[in-house]
Structures are given as structure tokens and as C-alpha cells.
Amino acid sequence: MKGKKGGGYIKFNSYPTDVPTSWADDHINVNYILGISLEDGILKSEYFIEEWEMPQGLVLFNGDGHTWIALDYRHVSSEPPIVYIDNEEEKIIKIANHFDEFLEGLYTEESEPFDEVEPQMEGYSKEEFETLIQQDNVEEISSVITYLSQFESDVDWLSKQFMKLSKHPDKYLRSDIANTVWNFLTYRLDNETIHEFIEVFKNDTDIDVRMYAEMIIEKLNYSYEDLKRDLGFDYRVSFSFQDHIYHINDHSGQWHLSDYEFDLQSFSTTEELLQQATLDGKSLEEIWGNVKIL
């Protein structure tokens, strides 16, 4: 969960753009906003600006190195516009006149259902993926790792393959692996394995990969106090408990504790949810030490 002061994952994932970007023809991805934190929040903007040779006067609040979203103070002292930065294309694109306009424009871009995506990846058995690794087919490996991270049930085998790839000479592949571990595998891996990945990522020569190590650590350290704070900012929270996935979100004027199929419990306010929601007969506060953030 990003940000120790005011930041966090948000219940939206996209912002519209008038020009095509590396994300899509009409939007960019936005799934978190950095908080005010010296370790990994917006106060670290100067470090990333120097590392990626970006102009001074930007305050970065979302990004992965190759692309960023930022407050643009280069020509103003207050009410800065919001810009999208593409370091690969060396472009800076204005996407909103101010931060409030940016927040109001956020929305959820629906991804393709799994039953539409899966047939495109049929045929990638364990043996075939290992063959791709042996052939060092970087492009095809990158195209399939997200799929495997979601559909491969043998997590022990998958983690061994990803560990090999986490030390690959290609920094972009290493970054893809780090992103995939952070995004899809943190909650599925045992403590020993996830800490092994963290150490590998922390010692990588690429800043993107090192950043994912910090983000994984944040997920592991996500506390019940963090949960209360983020619900106060209307953020969506998803977590794993006893090998089941649950979501806390709001819709239709109520807060819901749900799984992938059903709303299990519904409440009028976040306070009611925190006080009354239960899993396995225990309150959220009682179980929180045994949950894993997605």
C-alpha cells in the first residue's frame, strides 16, 4: 500500500487522455497515489528525477520509472497542472488542469474477462515455458508471465522459474518479473520465498526493480491501522485470508465485504464495517495479523 501519509491504492485504475500513450490509445493506468513519505512517497521525487534525468519542478505521485504522473510546478507556484511523463518517448503531456480535475476524471477501465484472455495463452505448459527460458526468448517470456502468475496453480514451480528470470541480464525482463511478483504473487508465496525475492530485487542494479522491493515490503507490513486510514480515504482494499480472496469496497451507497462472487456483508459506513464485519467468527482487527494484501 503506497504512502504513509495520505497515499494509497485507489478504487479506480485509469485516467482518460486525448492522445495515445504507451498504456493505450485513450487512457493511462492509475492504481495508486503516493503519499507524503520520505522513504517512498512524493518526497522522493528529487531522487527519481535525477535518476531518470527528468526536468526539475515535477512532484511525482504515480509511476514505475518508464512512465510517471506528476504535479507540474515548472511554471507555477500553486495549483499546478497534472502531467503524464513518458521517459521512453521523452514526452511530457498535460492531462489535467489541476489535481481536483484529475481526481474527478479517474474511472475504472474494465479488463477483458479471463475466459476471453485464457484461450490466447493456451498451450503454455510448464515444459514449454521452461523451453522459452532455455531459448532465452525474452519477448515471449514477458508476454506470458502475467498469465502464468494468475493461472498456474503450482506456485512452487512458478517461483523457481521467476527466481531464475529475476537474475536475467535484460533489465526490462527483470522489471517485468518484479512487477508480476508484486502485483500477483506476494500474497501467494510463503514468507521465505517472498523475502528471497525481496533481497534479489533490493540488490538489483535497476532502480525500477529496487522500487518493487520497497512496494512488496509495504504490502507485507500493511497494518490494521493502515486499513482504517485507507478506508477513511475511500480506497478499495483486497486481501487473502485462509486461502480465500476478499475485497472491501463501496458501491450503491454502502460498504461491502465481498469475495469474487458475492457481497458477504454490507454496512452503511466504514466505521460500521470495521466494528461489525467478521470472518471465521472474528473481527477484522482480530484476523488482520494473518491476512496478506493483494
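Biologist: Where does His75 lie, and is His75 buried or exposed?

Modeller: This is a predicted model, and in it His75 sits in the loop that joins β6 (67-72) to β7. Exposed residues are those over 50% relative accessible area. The relative accessibility of His75 is 70%, so His75 counts as exposed.

Biologist: How many Å apart in space are His75 and Gly57, C-alpha to C-alpha?

Modeller: His75 belongs to the loop between β6 and β7, and 18 residues of sequence separate His75 from Gly57. In space, taken from C-alpha to C-alpha, the distance between His75 and Gly57 is 8.2 Å.

Biologist: Is Asn87 buried or exposed, and with which residues is Asn87 in contact, leaving aside its neighbours within four places in sequence?

Modeller: Asn87 is part of the loop between β7 (82-86) and β8 (91-96). Its relative accessibility is 18%, and because buried means under 20%, Asn87 counts as buried. Once its neighbours within four places in sequence are set aside, the residues in contact with Asn87 are Trp52, Met54, Gly65, His66 and Trp68.

Biologist: Which residue caps the N-terminal end of α7?

Modeller: Helix α7 (residues 171-185) has 15 residues and spans 20 Å from its first C-alpha to its last, close to the 21 Å expected at 1.5 Å a residue. Its buried residues include Leu173, Ile177, Val181, Trp182 and Leu185, and Arg174 is also among them. At the N-terminal end, a side-chain oxygen lies 2.8 Å from the backbone nitrogen of Tyr172, and the capping residue that supplies this oxygen is Asp170.

Biologist: Lys202 is found in helix α8; which residues is Lys202 in contact with, leaving aside its neighbours within four places in sequence?

Modeller: Lys202 is in α8, which covers residues 191-202, and at 43% relative accessibility Lys202 counts as partly exposed. The C-alpha atoms of Lys202 and Ala213 are separated by 5.6 Å, although the two residues are eleven residues apart along the chain. With its neighbours within four places left aside, the contacts of Lys202 are Arg210, Ala213 and Ile217.

Biologist: How many of the 14 residues of α9 are buried?

Modeller: Helix α9 (residues 207-220) reaches 20 Å from its first C-alpha to its last, close to the 20 Å expected for it at 1.5 Å a residue. The N-terminal end of α9 is capped by Asp206, with a side-chain oxygen 3.1 Å from the backbone nitrogen of Asp208. Among the buried residues of α9 are Ile207, Val209, Met211, Ala213 and Ile216, and the list also includes Asp208, Glu218 and Lys219. The helix is mostly covered, and its number of buried residues is ten.

Biologist: Which residue takes a positive phi just after α10?

Modeller: At the start of α10, a side-chain oxygen of Ser223 comes to within 3.3 Å of the backbone nitrogen of Glu225. Within this helix (residues 224-232), the buried residues are Tyr224, Asp226, Leu227, Arg229, Asp230 and Leu231. Just after α10, phi is about 65°, and the residue that takes this positive value is Asp234.

Biologist: What is the volume of the second largest pocket?

Modeller: The lining of the second largest pocket consists of Tyr187, Ser240, Phe241, Gln242, Asp243, His244, Ile245, Tyr260, Asn290 and Lys292. Two or more of the lining residues come from each of β9 (237-241) and β10 (244-251). By class, the lining has four nonpolar, four polar and two charged residues. The volume of this pocket is about 240 Å³.

Biologist: What is the relative accessible area of Gln242?

Modeller: Gln242, which is also one of the residues lining the second largest pocket, is located in the loop between β9 and β10. Its phi is near 50°, a positive value in a residue other than glycine. Gln242 counts as partly exposed because its relative accessible area is 48%.

Biologist: Is Asp280 buried or exposed?

Modeller: Asp280 occupies the loop between β13 (278-279) and β14 (282-283), and its phi, near 55°, is a positive value in a residue other than glycine. With a relative accessibility of 54%, Asp280 counts as exposed.

Biologist: What percentage of the 294 residues of the chain count as buried?

Modeller: The chain has twelve helices and 15 strands. Of its contacts with a separation of 6 or more, 49% are between residues 24 or more positions apart. The share of the 294 residues that count as buried is 48%.

Key
Residues are numbered from 1 along each chain as its sequence is written. This is a predicted model: local features need pLDDT of at least 70, side-chain atom pairs count only at pLDDT 80 or more; totals for chains, interfaces and linings use all residues. Side-chain values use heavy atoms; hydrogens and water are left out. Helices (H or I, at least four residues) and strands (E, at least two) are DSSP runs, numbered from the N terminus. The expected span of a helix is 1.5 Å times one less than its number of residues. Buried means under 20% relative accessible area, exposed over 50%, partly exposed in between (1.4 Å probe, protein chains only). A polar contact is a pair of N or O atoms within 3.5 Å; within protein, one must be able to donate a hydrogen and the other to accept it, and residues adjacent in sequence count only if both atoms are side-chain atoms. Contact means heavy atoms within 4.5 Å. On a 1 Å grid over the protein atoms alone, a cavity is a set of points where a 1.4 Å probe fits but cannot get out, and a pocket is an open set with protein on both sides within 12 Å along at least five of seven lines; lining residues have an atom within 4 Å of a point. Grid points are joined across faces, edges and corners, and a volume is the space filled by probe spheres set on the points. Ala, Val, Leu, Ile, Met, Phe, Trp, Tyr, Cys and Pro count as nonpolar, Asp, Glu, Lys and Arg as charged, and the others, Gly among them, as polar.
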